[in-house]
Amino acid sequence: REDVSKQAIGEMICANCLHKIEAEVGAAVEEAGLPPEKLRRMFKAITEASLRLFFQDPKLHEIAASAATERWQSVLAYEGRVQKLLRDVLQEGRQTGDFERKTPLDETAMAIYLVMRPYLHPLLLQHSSDYAQEAPARLSNLVLRSLSP
């Protein structure tokens with residue numbers, strides 16, 4: 001019984017953290033003009049917000065690591081919303097002519113999500129933190145080159 005309530009508290013804490021990251025990422029994407037810049041900002045904001053939240057508090061990092069490893073509902077929902085935001089940016093980029101249209105949208109979105117994933121996942125981020133300063137720019141540039149029409 002105690003484990004269940006601990007899990008429920010953990011879920012709430014986790015959901016709140018993920019909503020904070022999401023709000024920051026959403027705001028960064030909103031501020032950008034064109035789709036390529038939105039994608040750049042998305043990479044940068046996800047990395048910065050995740051690093052700040054997951055590592056400012058060891059207890060929070062522990063909860064986030066459990067949530068990600070055990071695939072809690074809040075994590076699955078968050079990942080789904082990040083993937084939707086990414087698909088929306090890609091769709092917009094296809095409409096503006098900034099991004100290629102040959103590859104199926106879902107395939108493109110999932111591939112880019114997998115490039116982003118190490119910066120979304122607390123345990124992977126821990127091992128990627130040495131590159132966290134330069135990675136968002138380098139990875140988003142690589143992705144943008146692959147998306148050019």
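Tutor: A residue is called buried when its relative accessible area is under 20%, exposed when it is over 50%, and partly exposed in between, using a 1.4 Å probe and protein chains only. This is a predicted model, in which local features need pLDDT of at least 70 and side-chain atom pairs count only at pLDDT 80 or more, while totals for chains, interfaces and linings use all residues. Residues are numbered from 1 along each chain as its sequence is written, and side-chain values use heavy atoms, with hydrogens and water left out.

Student: OK, so is Lys38 buried or exposed?
Tutor: Lys38 counts as buried because its relative accessible area is 12%. Lys38 belongs to helix H2, residues 35-55, where helices are DSSP runs of H or I with at least four residues, numbered from the N terminus.

Student: And which residues does Lys38 touch?
Tutor: Leaving aside residues up to four places away in sequence, Lys38 touches Val29, Ala32, Gly33, Val89 and Glu92, a contact being heavy atoms within 4.5 Å.

Student: Switching to Glu22, where is that?
Tutor: Glu22 sits in helix H1, which covers residues 2-31, and Glu22 is partly exposed, with a relative accessible area of 23%. Apart from residues up to four places away in sequence, Glu22 touches Tyr78 and Arg81. The C-alpha atoms of Glu22 and Val82 are 7.6 Å from each other, although these residues are 60 apart along the chain.

Student: How do H4 and H5 cross?
Tutor: The axes of helix H4 (residues 73-96) and H5 come within 9 Å and cross at roughly 125°; axes are lines fitted to C-alpha atoms, for helices over the stretch in contact, and angles run from 0 to 180 degrees between N-to-C directions. H4 is therefore oblique to H5, since angles under 35 degrees count as roughly parallel, over 145 as roughly antiparallel, 65 to 115 as roughly perpendicular and the rest as oblique. The residues of that contact divide into nine nonpolar, three polar and four charged, where Ala, Val, Leu, Ile, Met, Phe, Trp, Tyr, Cys and Pro count as nonpolar, Asp, Glu, Lys and Arg as charged, and the others, Gly among them, as polar.

Student: What about H5 against H7?
Tutor: Helix H5 (residues 105-116) packs with helix H7 (residues 135-147) at an angle of about 165°, and their axes are 11 Å apart, so H5 is roughly antiparallel to H7. Thr108, Ile112 and Val115 of H5 meet Leu139, Val143 and Leu147 of H7, a set made up of five nonpolar residues, one polar and no charged.

Student: How many disulfides are there?
Tutor: A search of the whole structure finds zero disulfides, a disulfide being a pair of cysteine sulfur atoms within 2.5 Å.

Student: Last one: what is the phi of Arg71?
Tutor: Arg71 has a positive phi of about 55° although it is not a glycine. Most residues other than glycine have a negative phi. Arg71 is found in the loop between helix H3 (58-69) and H4, and Arg71 counts as partly exposed at 34% relative accessibility.

Key. Helices (H or I, at least four residues) and strands (E, at least two) are DSSP runs, numbered from the N terminus.
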